[in-house]
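Here are my notes on this model, point by point. Please read them with the coordinates open.

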Amino acid sequence: MFGSSHKGASAYAKVGLETGVVASSPHKLIVMLFDGALVAVRAAGVHMKAGEIEKKGNAISKAIMIVENGLRASLDKEAGGSIAANLDALYDFIGRRLLMANLTNQPEILDEVHVLLADLKGAWEAIGDSAKPVAAAPPRPMGYDSLTPRTASFVSAG
């Protein structure tokens, strides 16, 4: 009985999360990445203290993936200049610290990473959506597009 309602609630939560992602601004997506990383780091600490090695490893791996493939990958090093370079170095440091926490089972390293991520999230939230995104040029059509309007050319029959 509880299994089916739990699955339904999980599916509902997943749809809510996916809808939130689709409807979010790029700024909000970064905040969501920080939230996910923070939750994963906290879960890793709980599993570490409980001696649940596999769950701890999975949670740390999730946090590393969010930092590396989400936060770090989203940096525009060309446009961001020294700020992006500094964040890149900080995200690299966070990833290495998470790996060290996993290898040595040191919860204090997880606490250190959590503080760093929470501070970064707070700074990101302080910026808010007030930052004006740079409008990108629309993509140029490649090849023939049957939906692109064409000018008609008529040949007179004479």
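1. Buried face of helix 3. This is a predicted model. In helix 3, the buried residues are Lys 56, Gly 57, Ala 59, Ile 60, Ala 63, Ile 66, Val 67, Gly 70 and Leu 71. These buried residues pack against helix 2, helix 4 (77-104) and helix 5 (107-127). An α-helix has 3.6 residues a turn, so residues three or four places apart point the same way.

2. Overall make-up. The chain has five helices and zero strands. From the N terminus, the order of elements is α-α-α-α-α. Of the 158 residues, 24% count as buried. Take the contacts between residues at least 6 apart in sequence: 61% of them join residues at least 24 apart.

3. Helix 2. This helix runs over residues 26-50. Its 25 residues should span 36 Å at 1.5 Å a residue, and the end C-alpha atoms are 36 Å apart, which agrees. Its buried residues are His 27, Ile 30, Val 31, Phe 34, Ala 37, Leu 38, Ala 40, Val 41, Ala 44, Gly 45, His 47 and Met 48. They pack against helix 3, helix 4 and helix 5. Gly 51 follows helix 2 and has a positive phi, near 75°.

4. Helix 2 against helix 3. Two packed helices are described by the angle between their axes and the distance between the axes. Here the angle is about 160° and the axes are 8 Å apart. Angles over 145 degrees count as roughly antiparallel, so helix 2 is roughly antiparallel to helix 3. The crossing is left-handed. Helix 2 contributes Ile 30, Leu 33, Phe 34, Gly 36, Ala 37, Ala 40, Val 41, Ala 43, Ala 44, His 47 and Met 48 to the contact. Helix 3 contributes Lys 55, Lys 56, Ala 59, Ile 60, Lys 62, Ala 63, Ile 66, Gly 70 and Leu 71. By class, the contact of helix 2 with helix 3 has 14 nonpolar, three polar and three charged residues.

5. Leu 33. Beyond its neighbours within four places in sequence, Leu 33 is in contact with Ile 66, Gly 70 and Leu 71. The C-alpha atoms of Leu 33 and Ala 63 are 9.5 Å apart, although 30 residues separate the two along the chain.

6. Helix 2 against helix 5. These helices pack at about 165°, with axes 10 Å apart. That angle makes helix 2 roughly antiparallel to helix 5. Their crossing is left-handed. The residues in the contact of helix 2 with helix 5 divide into 16 nonpolar, three polar and six charged.

7. Helix 4 against helix 5. The two axes come within 9 Å and cross at roughly 155°. Helix 4 is therefore roughly antiparallel to helix 5. Helix 4 passes helix 5 in a left-handed crossing. On helix 4, the contact residues are Leu 87, Leu 90, Tyr 91, Phe 93, Ile 94, Arg 97, Leu 98, Met 100, Ala 101 and Thr 104. On helix 5, they are Ile 109, Leu 110, Glu 112, Val 113, Leu 116, Leu 117 and Leu 120. The contact of helix 4 with helix 5 has 14 nonpolar, one polar and two charged residues.

8. Asn 105. Where does this residue sit? Asn 105 is in the loop between helix 4 and helix 5. Its phi is positive, about 55°, although it is not a glycine. Most residues other than glycine have a negative phi. At 36% relative accessibility, Asn 105 counts as partly exposed.

9. Asp 88. This residue is found in helix 4. Its relative accessibility is 15%, so Asp 88 counts as buried. Which residues does Asp 88 touch, not counting residues up to four places away in sequence? They are Arg 72, Leu 75 and Lys 77.

How values were computed. Residues numbered from 1 in each chain as written. Predicted model: local features only at pLDDT ≥ 70, side-chain atom pairs only at ≥ 80, totals over all residues. Heavy atoms only, no water. Helix = DSSP H or I, 4+ residues; strand = E, 2+ residues; numbered from the N terminus. Contact = heavy atoms within 4.5 Å. Buried < 20%, exposed > 50% of the residue type's maximum accessible area, 1.4 Å probe, protein only. Axes fitted to C-alpha atoms, helices over the stretch in contact; angles between N-to-C directions. Parallel < 35°, antiparallel > 145°, perpendicular 65-115°, else oblique. Left-handed = near helix turned anticlockwise from the far one by under 90°. Nonpolar A, V, L, I, M, F, W, Y, C, P; charged D, E, K, R; others polar. Expected span 1.5 Å × (residues − 1).
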